[in-house]
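Please look over the chain shown here.

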Amino acid sequence: MPQLTAADVACWVLKSNRPPEALAPRWRPGDAAVLDRCVRPSYRLSLMSPGQPCLLWVSGRDRPGVHALGELAGPVDDAAPGGPAVAVRWTRLAHPVDRAELLSDPATRAAEVLRMPAGSNPSWLSPGQYAAVLAHAGVTA
């Protein structure tokens, strides 16, 4: 794929192999939390800015899919311990959007996170893919 531009990205996808309750033990469905996510140094970080939409993708065998929606709460922190990181203001979904549900949807099945599940943070969704995820989550844009 050619290099992404800001116009390509409707939503950043940040992955975790741990479920939300392991990331923040008191984080309940419907609640908000600000959590940092590590990101891999790449040109993509220059496209990230506060306020942009994000989603939390939980990978692995236990309930893979979208578990929270949010937005970047600040700029990329290049000086974070362990490498670059971003703070994200998340709202945990009451009903996660299952990976299988997105694989069966023609609008989302080609999403980078589904094609390359072992890819690094950040991944991204196009405007059409993001709209479909929001619809599956029961959220209006």
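## Surface and charge

The accessible surface of the chain is about 7,200 Å², and carbon and sulfur atoms hold 55% of it. This is a predicted model.

The chain carries 14 positive and 12 negative charges. Their mean positions lie 5 Å apart.

## Fold and dimensions

The chain has 4 helices and 6 strands. Along the sequence, they run β-α-β-β-β-β-α-α-β-α.

A compact globule of 141 residues would have a radius of gyration near 14 Å. The chain has 14 Å, so it agrees with that expectation. Along the principal axes, the C-alpha atoms fill a box of roughly 40 × 40 × 30 Å.

## Packing

Of the 141 residues in the chain, 46% are buried. Among contacts with a separation of 6 or more, 69% join residues 24 or more positions apart.

## Residue R99

R99 sits in helix α2, which spans residues 99-103. Is R99 buried, exposed or partly exposed? Its relative accessible area is 29%. Buried requires under 20% and exposed requires over 50%, so the value falls in between. R99 is therefore partly exposed.

Which residues does R99 touch, leaving out those up to four places away in sequence? They are W57, P64, G65 and L114. S42 is 57 residues from R99 along the chain, and the C-alpha atoms of the two are separated by 26 Å.

Conventions: Residues numbered from 1 in each chain as written. Predicted model: local features only at pLDDT ≥ 70, side-chain atom pairs only at ≥ 80, totals over all residues. Heavy atoms only, no water. Helix = DSSP H or I, 4+ residues; strand = E, 2+ residues; numbered from the N terminus. Rg over C-alpha atoms; globule rule 2.2 N^0.38 Å. Buried < 20%, exposed > 50% of the residue type's maximum accessible area, 1.4 Å probe, protein only. Contact = heavy atoms within 4.5 Å. Areas by Shrake-Rupley, 256 points an atom, 1.4 Å probe, with all protein chains shown as cover. Lys, Arg positive; Asp, Glu negative; His and termini not counted. Charge placed at Lys NZ, Arg CZ, Asp CG, Glu CD.
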